[in-house]
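Hi,

Here is the structure I promised to pass on. Have a look at it first, and then read my notes below.

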Amino acid sequence: MLQALGLACLKGDRLLFRDLDLSLDRGGILRVAGANGCGKSSLLRMLCGLSAPEAGSILWRGKSIRKQRDVYHDQLLYIGHAPALNERLSPRENLRFACASAGDAASPADIALALERLGLTTQAGLPLRVLSQGQRKRTSLARLLLAPQRTLWILDEPFSALDARAVEMLSRHIESHCDAGGMVILTTHQEGAFTRPVQCLDMGERG
Ligand SMILES: Nc1ncnc2c1ncn2[C@@H]1O[C@H](COP(=O)(O)OP(=O)(O)OP(=O)(O)O)[C@@H](O)[C@H]1O
């Protein structure tokens, strides 16, 4: 369903990677691994259509993502490494804002439930700036519980700053999304806690 063919990424005068192919079908999890700076986040941003490849193409259901931006973005949920959250707003307000701007219908009860499942009930109304790094990360990941209809999740370092229990919970949640026909691409320096085979794209020291 998602295919990348012959991708190349140039940053300044540095070629981070080239001839990169990947493909992922419904139900699949793809882990992108590799050293710091090898281009994992750059690849993810490309797969989201946020930056253009120097060479190669990205296809969604056989058609270039550039030719079906709206269709593709309706199916996509991207959570970047640095959470796109407002420090002055609470987790509850941040999620309300994120869902509204993405066009995802989420009621106050849905948001409260997502925050409860992420263990953030006590912090739901506090300004984000007083929360710990792990609690901020959980806030951004709560989006996953509020956009199940988006088939493709692209997650940059979703496990960073999470404790073991949260890593376990997130791994289960990713697997249930895949069981329901979703697909997930993630970067991580740790294995996660998956109970199924995960495809791995090792970018090594490319570039
Ligand atoms: N203008 C530029 N000129 C040269 N190199 C650049 C330029 N902009 C970015 N880079 C390099 O591009 C790479 C971007 O890496 P990226 O964030 O995609 O890596 P990553 O694999 O996700 O790393 P990490 O594991 O540390 O998160 C870095 O090595 C960075 O130094």
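The protein averages a pLDDT of 94, and 99% of the residues score at least 70; pLDDT is the predictor's confidence in each residue, from 0 to 100. This is a predicted model, so to speak of local features we need pLDDT of at least 70, side-chain atom pairs count only at pLDDT 80 or more, and totals for chains, interfaces and linings use all residues. Residues are numbered from 1 along each chain as its sequence is written.

Let's start with the ligand. Its surroundings include Lys11, Arg14, Asn36, Lys40 and Ser41 (a residue is near if its C-beta atom, placed from the backbone, lies within 6 Å). Helix 1 (40-47) and strand 2 (14-24) each supply at least two residues of this shell, and helix 1 gives the most, with 3. Helices (H or I, at least four residues) and strands (E, at least two) are DSSP runs, numbered from the N terminus.

Next, look at strand 6 (residues 76-79). Leu76 and Tyr78 on one side are buried, as are Leu77 and Ile79 on the other; buried means that 20 or more other C-beta atoms, placed from the backbone, lie within 10 Å of a residue's own. In a regular strand the side chains alternate between the two faces of the sheet. Strand 6 pairs with strand 7 (residues 152-156) in the parallel sense over 4 bridges, where pairing takes at least two DSSP bridges. Isoleucine 79 stands opposite leucine 155 in strand 7.

Enjoy exploring!

Conventions:
A residue is buried if 20 or more other C-beta atoms lie within 10 Å of its own, exposed if 12 or fewer, and partly exposed in between; C-beta atoms are placed from the backbone.
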